[in-house]
Amino acid sequence: INNFKKYDNQFLDSLDSINNLTNQLIKKTTELYDDLKFNYEEIYSNLDFNRYDINISNDNLILNEFNFESILLDIDVLLNNLDLLTSNAKNKVFNAKNNFQLGLIITKLTEVRNILKNLIDNKSNYIKWLSLYRSNLNNQISLYTSDMDIKNFISNKIIKYFPSFFLCSATLTIADSFEFFLNNLGINNNFNYSINTTIRKSPFYYDDQSRMYIYNQKRDINSNEYLDDVSNQITSLNNALNKKILVLCTSYKQVKLISQYLIANKIDSTNIFAQTSKFSKQAILEGYKKSKKGILIGTATFWEGIDLAGDLLEILFIIRVPFSNPSNPYNQNLSNMIQASGGNPFYDLELPNAILKMKQGIGRLIRTDKDTGVCFITDPRLCNSRYGKFIVDEIASSPKIYKNINEIINKIDNFLG
């Protein structure tokens, strides 16, 4: 502050107030964060690497004496002082338009303020929940609020500021229709704006560039024996072929057990890159890329947003159909709404979401028109359930059924070369 004596007293008072408010806010949020974690200590002790979501209401907040109102008040005052600082500062250093960090701080604080307002306000159109998880071996907690009608978000946050917008993805359609995607956004019917859709065919020749196999054996997919079986399949391919392998799981438990089974099968542990709380996604990917015959085992974010072209990925394993967690508060609310309107939550929500997620996972395999790869979907439910056909019909390349991995290794070797 001594470096800014040339500014008027109001400006210096604003700086001093910001400093005090920031320290006070850090103290309050740290105490609240610790109280929240302490309150759910028993859940953390059984959590391992999974998440645990808890619906919250205003009654919960009052009962547990979680004082978000005081923090919200401090954020409001802090934002007012920051506004005074940026509007009155003679030095361009404090202009939010010229100072990226300051602008980012104001944006983030505004987002937090809006979340807390939604949390505290007793609005029936908002879902509110806490998500408990572990990261870097520490207990962590995230707070979420979500408008039950996503159409409000599109109207108030996008259309309000932009006359038009464009959505593009390889996983927006099911059976060549945008209906599920648009219904999910709430903009298929009774929407006052025109919606234009088009489908562009893929530039890839999946039947030529890839091979798809679906495992068909009687297995209890919830058992450790099933994961042991899959690990043996991965081991056989790793031993026979000098190829990199991506294993997509639907839980951290699967990641952990498959890693353990592969090591028990004498796979060199330095070639196993498993998604755990100890390492970042980027660090895991970098290690995998540098390996000669690495096995990358991941869940969640590894189903999308990673680009492993060429020989960085030639064999893909998908362990289970990626159904979302039905107990997640947001999914639970959508299911209740579908059921109340006479629909079927499984066929109208869970299955379509799983199909889109499956397409995203399979999309990790072929990234350029020069790539070749083999995908194994080891979930036998695709062959043995009524809904399996709906998923198989959405797979770009015609899949083949297998019962023993060792019987097709030579075919895979010849195909990949």
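**Strands, helix, loops and voids in a predicted model**

User: Which residue in β2 stands opposite Tyr-52?
Analyst: The model is predicted. β1 and strand β2, residues 126–135, pair in the antiparallel sense over four bridges. Within β2, the residue that Tyr-52 stands opposite is Leu-132.

User: In the open sheet of three strands, what is the strand order?
Analyst: The pairing in this open sheet is antiparallel. β1 (52–55) and β3 (138–147) stand at the edges, each with a single partner strand, so one side of each is left without a neighbour in the sheet. The order is β1-β2-β3.

User: What is the average twist from one strand to the next in that sheet?
Analyst: The sheet in question is the open one of three strands with the order β1-β2-β3. From one strand to the next, its twist averages 25 degrees.

User: Are the residues on the faces of strand β5 buried or exposed?
Analyst: In a regular strand the side chains alternate between the two faces of the sheet. Strand β5 (residues 245–248) has Ile-245 and Val-247 on one side, with Leu-246 and Leu-248 on the other. Both faces are covered, and these four residues are all buried.

User: Which residue in β7 does Leu-246 stand opposite?
Analyst: β5 and β7 run parallel and are joined by four bridges. Leu-246 belongs to one side of β5, together with Leu-248. Its opposite residue in β7 is Leu-296.

User: Which residue in β8 is the bridge partner of Leu-248?
Analyst: β8 runs parallel to β5, and four bridges join the two strands. For Leu-248, the bridge partner in β8 is Ile-318.

User: How far apart are the end C-alpha atoms of helix α5?
Analyst: Helix α5 covers residues 100–120, which makes 21 residues. At 1.5 Å a residue, these should span 30 Å. The separation of the end C-alpha atoms agrees with that expectation, at 30 Å.

User: Which residues of α5 are buried?
Analyst: The cut-off for burial is a relative accessible area under 20%. In α5, the residues that count as buried are Leu-102, Gly-103, Leu-109, Leu-116, Asn-118, Leu-119 and Ile-120.

User: Does Asp-176 count as buried or exposed?
Analyst: Asp-176 lies in the loop between α6 (150–159) and α7 (179–185). Its phi is near 60 degrees, a positive value in a residue other than glycine. Because its relative accessibility is 56% and the cut-off is over 50%, Asp-176 counts as exposed.

User: What is the phi of Ala-300?
Analyst: Most residues other than glycine have a negative phi. Ala-300 sits in the loop between β7 (295–298) and β8 (315–318), and at 37% relative accessibility Ala-300 counts as partly exposed. Its phi is positive, near 50 degrees.

User: How far apart in space are Tyr-193 and Ser-164, C-alpha to C-alpha?
Analyst: Tyr-193 has its place in the loop between α7 and α8 (206–209). With 45% relative accessibility, Tyr-193 counts as partly exposed. Tyr-193 and Ser-164 are 29 residues apart in sequence, while their C-alpha distance in space is 9.4 Å.

User: Which element gives the largest share of the lining of the largest cavity?
Analyst: The structure holds two cavities of 30 Å³ or more, and about 40 Å³ of space lies in the largest cavity. The elements that give two or more residues to its lining are α12 (329–340) and α13 (345–362). With three residues, the largest share comes from α13.

User: How many charged residues are in the lining of the largest cavity?
Analyst: The lining of the largest cavity consists of Ser-324, Asn-325, Pro-326, Asn-331, Ser-335, Leu-349, Glu-350 and Asn-353. These residues divide into two nonpolar and five polar, and the number that are charged is one.

User: Which residues lie nearest the centre of the second largest pocket?
Analyst: About 1700 Å³ of space lies in the second largest pocket. Its lining of 49 residues divides into 29 nonpolar, eleven polar and nine charged. Those nearest the centre are Ser-169, Ala-170, Thr-171, Leu-172 and Thr-173.

User: Which element supplies the largest share of the lining of the second largest pocket?
Analyst: α7 and α13 each supply at least two residues of this lining. The largest share is five residues, and the element they come from is α13.

Methods: Residues are numbered from 1 along each chain as its sequence is written. This is a predicted model: local features need pLDDT of at least 70, side-chain atom pairs count only at pLDDT 80 or more; totals for chains, interfaces and linings use all residues. Side-chain values use heavy atoms; hydrogens and water are left out. On a 1 Å grid over the protein atoms alone, a cavity is a set of points where a 1.4 Å probe fits but cannot get out, and a pocket is an open set with protein on both sides within 12 Å along at least five of seven lines; lining residues have an atom within 4 Å of a point. Grid points are joined across faces, edges and corners, and a volume is the space filled by probe spheres set on the points. Ala, Val, Leu, Ile, Met, Phe, Trp, Tyr, Cys and Pro count as nonpolar, Asp, Glu, Lys and Arg as charged, and the others, Gly among them, as polar. The expected span of a helix is 1.5 Å times one less than its number of residues. Buried means under 20% relative accessible area, exposed over 50%, partly exposed in between (1.4 Å probe, protein chains only). Two strands pair if DSSP finds at least two bridges between them. Axes are lines fitted to C-alpha atoms, for helices over the stretch in contact, and angles run from 0 to 180 degrees between N-to-C directions.
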